[in-house]
Amino acid sequence: MHILIINFKANFSPEDYNQGTSELAPVFAEVEGLHVKNFIFNHETKTYGGCYMFENKKAMEDYKAGEIYKSIIENPDWTEFLVRDFEVHAEATEIQNRLKEKAAWYKYNQTNFLKQQIKDKLDGKFILEKL
């Protein structure tokens, strides 16, 4: 996987930014090889951009050669661009994912076990009250 991070300065109001990102989000759903684009912002510093996760370097390079990327980078209302890309360390990411899945499985099963214990106790109480 590859990560692409684009930052730029712009003069958006929070409302304009929210509306614009909502309108643009479907465009990124159609980008081949893009798993997700996170729209990032800091209204205080007027810094905006995106954090993109691509399935591989080729998909990222294809995106950077396309019209959507060009329309971002060449937007005359946005300045101070910073574009960086990174390769994802797959093994370390997989270790984290497995640990998170294991923790979620444990928590789910622990919660269900506790719910069953409470239910059993309540059912027992109900039965004793009827006797």
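Biologist: What percentage of the 131 residues in the chain is buried?

Modeller: In this predicted model, buried residues make up 21% of the 131.

Biologist: Why is H2 called buried?

Modeller: Its relative accessible area is 9%. Buried means under 20%. The value 9% falls under that cut-off, so H2 is buried.

Biologist: Where does H2 sit, and what does H2 touch?

Modeller: H2 is in strand β1, residues 2–9. Leaving out residues up to four places away in sequence, H2 touches Y52, M53, F54, N56, K57, M60, D85, F86, E87 and V88.

Biologist: What makes the pair of H2 and K57 a polar contact?

Modeller: A polar atom of the H2 side chain lies 3.4 Å from the backbone nitrogen of K57. The cut-off for such a pair of N or O atoms is within 3.5 Å. The distance of 3.4 Å meets that cut-off.

Biologist: Which elements does the chain have, and in what pattern?

Modeller: There are four helices and four strands. Along the sequence they follow β-α-β-β-α-α-β-α.

Biologist: How many positive and negative side chains are there, and how far apart are the centres of the two sets?

Modeller: The chain has 17 positive and 21 negative side chains. The two centres lie 11 Å apart.

Conventions:
Residues numbered from 1 in each chain as written. Predicted model: local features only at pLDDT ≥ 70, side-chain atom pairs only at ≥ 80, totals over all residues. Heavy atoms only, no water. Helix = DSSP H or I, 4+ residues; strand = E, 2+ residues; numbered from the N terminus. Buried < 20%, exposed > 50% of the residue type's maximum accessible area, 1.4 Å probe, protein only. Lys, Arg positive; Asp, Glu negative; His and termini not counted. Charge placed at Lys NZ, Arg CZ, Asp CG, Glu CD. Polar contact = N/O pair within 3.5 Å; in protein donor to acceptor, adjacent residues only side chain to side chain. Contact = heavy atoms within 4.5 Å.
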